[in-house]
Amino acid sequence: MGCNLGGLLKLMTYSKNLKIQDDHPRFFLLHVLDVKDVSKASGGSDNAKIHLVLCWDGLQSGYNLKVECGISNHHKSSTPDACFFFADNLIVIDHNYDDVYIMSLHDGQTTTTQWLDDTEKKLLGLKASAAKKFKVDRVQPVMHSPSEAGFVTEKSREQYMKDVEKCLKLIKDGESYELCLTTQMRKKIGQIDYLGLYLKLREKNPAPYAAWLNFSKENLCICCSSPERFLQLDGYGILEAMPIKGTIARGLTKEEDEHLKFQLQYSEKEQSENLMIVDLLRNDLGRVCEPGSIHVPCLIDVESYATVHTMVSTIRGKKQPKMSPVDCVRAAFPGGSTTGAPPKLRSMELLDAIENSSRGIYSSSIGFFSYNQTFDLNIVMRTIVIHDGEASIGGGGALVALSNPESEYEEMILKTRHGKYCP
């Protein structure tokens, strides 16, 4: 999907105070996303192709927006806690059916279709090009750590492992069952081709919830290659979460690759990570869904990507009619796969005290809200954030009683290898 800067386009950024403000009882998104039910005007909710019309697209909500959900922030983010733009001109590519849609929003008194006409002419005039097939390498023989790419880690190997041990003690003491510990890595950069960086990342690490956002006024660019859906609300009122918990590297040979995939699928430790987050999200969705509608159609499935195998589950429920799309997001934000459980709020407090800085955009969400009451949001991971001349990447993993500090450090490094594509 792409957008053109039409006459009705709006851009908004937002930064929240560290503490919960009692005089701001409404979730910030309620002020920005004044969502009206225009499903009739947009062609009806049955038409999935129209779900992107009239939408706040390019929504980026930082991890610190959790303050709106009942938990204070210990660290202030250098990036905005939220960025939005209202997309009034859209080119939508449906990869499932190889269809292209041109959509435009205008007020009732405007009859001009200049942008639609010009865009159609340009698209029809494009020369047909053969689809480029990328050869996906499983795992390169040489491990590229972020430090080899010039990134400076926030914590040394020894410090990260000590933090893992702190989390394991908290779990042993009964403070939490699972804690998702993360860290940040940073690198000073000069003038680079932001879009080129994203395309390289997409080529080497293709993912279903990838995104490229460039907020030039904030000197902020996000190159995201996320494989994980946080939350979706479709035109039939069905909420769906698809948390990823459990990750292992791909093998160098077909035999090794299959062995590693089998090892992940039947790992007691990885299964426990995933099951706890499934239980958490069943609870989160249960706050806004009809009683008895929560179900898990897919439990602990293994999905394979260019560099890793991951363990994924699917949780669904039927939204209560009285609940708005924003109510649904507020009930589940931040995504449980980035926090830990249970209890979720206590887990976030513990992590804030251990982690040295704000996660910023990492662990948050990117996606869209549509005026026809649908939305789709990812979990920001496998992402390079460029802000004020600095590139940063986040990485981490879920910790349970069976976790091993050294293995957790190696998993964190595995999840940050995409940093090697940043020049």
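1. Ground rules. This is a predicted model, in which local features need pLDDT of at least 70, side-chain atom pairs count only at pLDDT 80 or more, and totals for chains, interfaces and linings use all residues. Residues are numbered from 1 along each chain as its sequence is written, and side-chain values use heavy atoms, with hydrogens and water left out.

2. The overall picture. The chain has nine helices and 20 strands (DSSP runs numbered from the N terminus: H or I of at least four residues for helices, E of at least two for strands). Of its 423 residues, 53% are buried (buried is under 20% relative accessible area, exposed over 50%, partly exposed in between, with a 1.4 Å probe and protein chains only). Take the contacts between residues at least 6 apart in sequence: 75% of them join residues at least 24 apart (a contact means heavy atoms within 4.5 Å).

3. A closer look at isoleucine 386. Ignoring neighbours within four places in sequence, isoleucine 386 contacts Ile189, Ile192, Tyr194, Leu197, Asn219, Leu220, Cys221 and Ala391.

4. How α3 meets α9. Their axes are 9 Å apart, at an angle of about 120° (axes are lines fitted to C-alpha atoms, for helices over the stretch in contact, and angles run from 0 to 180 degrees between N-to-C directions). The two helices are therefore oblique to each other (under 35 degrees is roughly parallel, over 145 roughly antiparallel, 65 to 115 roughly perpendicular and the rest oblique). On the α3 side, the residues involved include Arg157, Tyr160 and Glu165, and across from them on α9 are residues including Pro405, Tyr409 and Met412.

5. Phenylalanine 333 and proline 334 are joined by a cis peptide bond, with omega about -10°. Proline 334 sits in the loop between α7 and β16 (340-341).

6. Two positive phi values. Most residues other than glycine have a negative phi, and most peptide bonds are trans. Glutamine 373, not a glycine, has a positive phi of about 75°; glutamine 373 is in the loop between β17 (365-370) and β18 (375-378) and is partly exposed at 25% relative accessibility. Aspartate 388 also has a positive phi, near 50°. Aspartate 388 lies in the loop between β19 and β20 and is partly exposed, with a relative accessible area of 47%.

7. Threonine 314. You'll find threonine 314 in strand β15 (residues 308-318), buried at 7% relative accessible area. Leaving out residues up to four places away in sequence, threonine 314 touches Glu240, Ala241, Met242, His295, Val296, Pro297 and Cys298.
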